[in-house]
Amino acid sequence: MNSVYDIDYLSLILGYIILIIPFYILWYYKTGLVKDAFIAFIRLTIQLLLVGVYLEFIFDLNSALLNIFWVLIMTILATYTVIKRSELKLKFFFIPIFISILLSVIVTDAFFLGLIIKLNNIFDARYFIPITGMLLGNSIKTIIIALNTYYGKLKKEKELYKWYLANGAKKSEALVPFKREALKNAFNPVIAGVAIIGLISLPGMMTGQILGGSSPVIAVKYQIMLMITIFSSSVISVVLSIYFADKYVFDTFNNLKKINN
Amino acid sequence: MRKPIIIVNNISIFYDKKRIIEDFTFQVKSGEKVVITGESGKGKTSLLNAILGFTPIKEGEIFLFGRLLSSENISKIRNKTAWLPQETSLNFDSVNDIIYMPFEFKINKLNYPSKDAIDTVFKNLNISKELLNKQVDEISGGQKQRLLLASSLLLKKEVLIIDEPTSALDEDNKKRITNYILSKKKLTVIAATHDPYWIKKSDQIIVL
């Protein structure tokens, strides 16, 4: 196995200097994003450093219970991020979205780690945590787009929704066009992304495995299965999130409540 | 004497914490043509919305088809109505959606319009059948309004509730379409409008 070149801390700091260019551009066009971007990269750094330390520790212990606990924390953070980024009310959305993400993680983890990779212990930290992390990271993006589209369109096209209801549609029937739009908006870019993998982009996991010394063929097999799992898990979590949240966000006359902060 | 199909008893409606309709009462008999008129901001649209449970009422009660307007009855009530908000507030991609979308709902499937039914309604509302192949951004506001009215009539519901039914129509079409809709004996119509011709042709005028 080839050893991997480490990046020393001085080079790491040098790496940050490149950020001056995008920050300058964002500032020049008065996008209002500089502060957010700055905080985002600070957070990225702190979070990853902590996770690095924590993962070393958790990998050493490799206790199933501790790993499950860690994945639960990751799911809670994912839920929180989705709701904040969609500017929705925590009190309506926390439980439905948490349950949906958790369910989709359980199903897809069991499938990927248990059935495909056939791990003896699916809670093995080296697989369970990074794979779940990738599932969550990728689902989050699509859930945010889907929820934004769904509730955005329901608010913007409120009269259309009422037109359906007042002309005899059941609530579930009246919501179909809005769900269709949400799925289309969320998964169009995902499908486009899947279609160009290998040609234009080499995905992060595959790159990582190759850098880590795996054979490209193994890395490719993992990547294919991972893309399928991510796609399935995202679709499942989007549909479940909307399904569960629908139980909370309409009043007894099927009118949409005030759901945004 | 025909029996009342809609009873509105002492209702109050609030908009942004301001009371816009206070202690308001009226009745609509089956087949009656009722017009709600009054200056903008007086609550015409809110009143129409309240009748179908889209705007909450603070006091009073509303009955439709002998049922109290409540969460238990709302679906049964909405099954018997056709409702049309202001034409500009509804966005569609294709003209086909305007006419056929409501018939995808289970309750309306039995009433799926025959070619003849569509021909008749289109003729009476002065709509060319070629419009059916168009996108909504290719047609005028007046055409869209006539198509929406056509769709509402094709649903063959007992009650039609419409906001500004003739706002986008020219004078000729206004008269023709007003006459056609208000001549339907069995249909109960509640419309909010300023249109003098529609008001003149209605049986009951409610001024807010």
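Residues are numbered from 1 along each chain as its sequence is written, and chains are lettered from A, with ligands numbered from 1, in the order in which they are written. Because the model is predicted, local features need pLDDT of at least 70 and side-chain atom pairs count only at pLDDT 80 or more, while totals for chains, interfaces and linings use all residues.

**Stop 1: chain A**

Chain A holds ten helices and zero strands; helices (H or I, at least four residues) and strands (E, at least two) are DSSP runs, numbered from the N terminus. The C-alpha trace of chain A spans about 70 × 50 × 35 Å along its principal axes. Of its 261 residues, 27% are buried, a residue being buried if 20 or more other C-beta atoms, placed from the backbone, lie within 10 Å of its own.

**Stop 2: helices H6 and H8 of chain A**

Next select residues 125-156 of chain A, helix H6, and residues 171-196 of chain A, helix H8. Two packed helices are described by the angle between their axes and the distance between the axes. Here the axes come within 8 Å and cross at roughly 150°; axes are lines fitted to C-alpha atoms over the stretch in contact, and angles run from 0 to 180 degrees between N-to-C directions. H6(A) and H8(A) are therefore roughly antiparallel, the word for angles over 145 degrees.

Now show side chains. Residues making this contact include A:Ile145, A:Thr149 and A:Leu154 of H6(A), and A:Phe178, A:Ala182 and A:Val190 of H8(A). Two residues are in contact if their C-beta atoms, placed from the backbone, lie within 7 Å. The residues of the contact divide into ten nonpolar, three polar and three charged. Ala, Val, Leu, Ile, Met, Phe, Trp, Tyr, Cys and Pro count as nonpolar, Asp, Glu, Lys and Arg as charged, and the others, Gly among them, as polar.

**Stop 3: where the chains meet**

Show both chains. Their contact takes 15 residues from chain A and 21 residues from chain B. On the chain A side, the largest share, six residues, comes from helix H7 (residues 158-166). That side of chain A comprises six nonpolar, four polar and five charged residues.

**Stop 4: chain B**

Finally, select chain B, which has seven helices and nine strands. Its C-alpha trace spans about 50 × 40 × 35 Å along the principal axes. Of the 208 residues of chain B, 39% count as buried.

Note on methods
Buried ≥ 20, exposed ≤ 12 C-beta atoms within 10 Å, placed from the backbone. Parallel < 35°, antiparallel > 145°, perpendicular 65-115°, else oblique.
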